[in-house]
Amino acid sequence: MLAVLLRERERLFFTDRSEILAMLHRNAELTQQGKGVNFALVGQQRIGKTMLARRFADDLSERDSPLVPIYFDVARNLFVPSVFAIRLLAAIGRSFVEAEGRQVEQSGGVLDATSLRSIVDQTREETLLATARLVTQEMEKDRPDERLMLETTLSCLEQTAQHTGRTPLVILDEFHHVTQLDSFPRVKDTLGVVGQTLNQQTSVRYIAASSNIHMVERIVQSATSPLSDQFQVVPVPPFDRAATDKFCQKSLPQHLLAQQTVAHLFEFTSGHPFYLSCLTAAMRRLGAERVDLHQKSSDDVLDWAVYEEILTREGRIWQYCEHRISMALAEARGRTTLRSVLLVLAEEGNANLSQISARLKRAPGEVHSYLKRLAEIDLVGREGRRYHITDPIIA
């Protein structure tokens, strides 16, 4: 049996997502018949895409599916391309070993040829063994062909599927980060490598998860993209009111579960799981620690939780929002002006182009370019002619 990806606490608080899980399982059944598709799970940061993908992988393991889930966190494995390829191949080898109910006899990170071979040797699968030899031989050169290493690693999956009768399901978390490998001159076009590989595979399926919604939709839907029409986009939304109720029932003690308080939590967070988790955790702590809150209503406890989590620098939500804005604006030009646009939208709730232009004393054409940049980094959305900040708490 495969190693469990979701921790016990994550399993306990896992809520909703039944429709998306059912879709993934239906696709798994179709994949076994040679009819499945690749999915791109897209949604806001901390919305639960990783938990959803890991829960699906765990389900396949528990059902002893002929699919072999290979979970790979792209963002956490972004090293030079040669190390990236080695770690991806190690993840493939580890997954095939665990799919046979065996434990991998290796611990720690994989950074070199020796540690890679120590894992792949345990698969006893000739394609993976041959691939590891090719990759490590290339790695030992003074100037390894890093593009070739990526191509070799990805292309081995098809032959491995044919030899083992098991279908590899590659889950690439925070997939959009692969484009950062383009900065290495020997790689240049990572999406081209991935697209070329997918075009040659019939027995391998992929799930790409990403919080960069705009970028991933462009990657998989643009006619000029190497991945055009290779993925079906599946939005991962916030919780609806019913799912918010279920989550609160799991995370709050009975005396803090007033329906009005749950309604306020839903209204305030728009059902975003991360914000709900932070605020309910703070409510549990405050309800236990603060003597002056013991006899207060659950709404009073929520007010204090909002203050501590969102309006103080020590709060997890404050730190997350500040980090998200800083990281997003770091990728865009004119960050000072972009912050000003966000401030107008935060104060107005939503506004049209002329209103924003008037507030900033800037020409509409100039402001339109700012709004376009903010949309590209998923901070601003548009409905009709009016713009808004996509994340209600950041707003």
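Mentor: In this predicted model, 51% of the 395 residues of the chain count as buried. The radius of gyration is 23 Å, which agrees with the value near 21 Å that a compact globule of 395 residues would have. Along the principal axes, the C-alpha atoms fill a box of roughly 65 × 55 × 40 Å. The chain has 17 helices and eight strands. Among contacts with a separation of 6 or more, 69% come from residues 24 or more positions apart.

Now to the rings. A pair of aromatic rings is described by the distance of the centres and the angle of the planes. With centres required to lie within 6.5 Å, the count comes to eight aromatic pairs. One of them joins phenylalanine 274 and tyrosine 275: the ring centres are 5.8 Å apart and the planes stand at 55 degrees, so this pair is tilted. Phenylalanine 274 and tyrosine 275 are both buried.

Tyrosine 275 also pairs with tyrosine 320; here the centres are 6.0 Å apart and the planes are at 65 degrees, so the arrangement is edge-to-face. Tyrosine 275 belongs to helix α12 (residues 273–289) and tyrosine 320 to helix α14 (residues 316–330), so the pair ties together parts that are 45 residues apart in sequence. Tyrosine 320, like tyrosine 275, is buried.

Elsewhere, ring pairs link Phe13, Phe239 and Phe247 into a cluster.

The cysteines complete the picture. The structure holds zero disulfides. Cysteine 248 is in none, and the nearest cysteine sulfur, that of cysteine 278, is 13 Å away. Cysteine 248 has 0% relative accessibility and therefore counts as buried. For cysteine 321, the closest cysteine sulfur is again in cysteine 278, and the distance of 9.2 Å is too far for a bond. Cysteine 321 is buried too, with a relative accessible area of 8%.

Conventions. Residues numbered from 1 in each chain as written. Predicted model: local features only at pLDDT ≥ 70, side-chain atom pairs only at ≥ 80, totals over all residues. Heavy atoms only, no water. Phe/Tyr/Trp six-rings, centres within 6.5 Å; stacked < 30°, edge-to-face > 60°. Buried < 20%, exposed > 50% of the residue type's maximum accessible area, 1.4 Å probe, protein only. Helix = DSSP H or I, 4+ residues; strand = E, 2+ residues; numbered from the N terminus. Rg over C-alpha atoms; globule rule 2.2 N^0.38 Å. Contact = heavy atoms within 4.5 Å. Disulfide = S-S within 2.5 Å.
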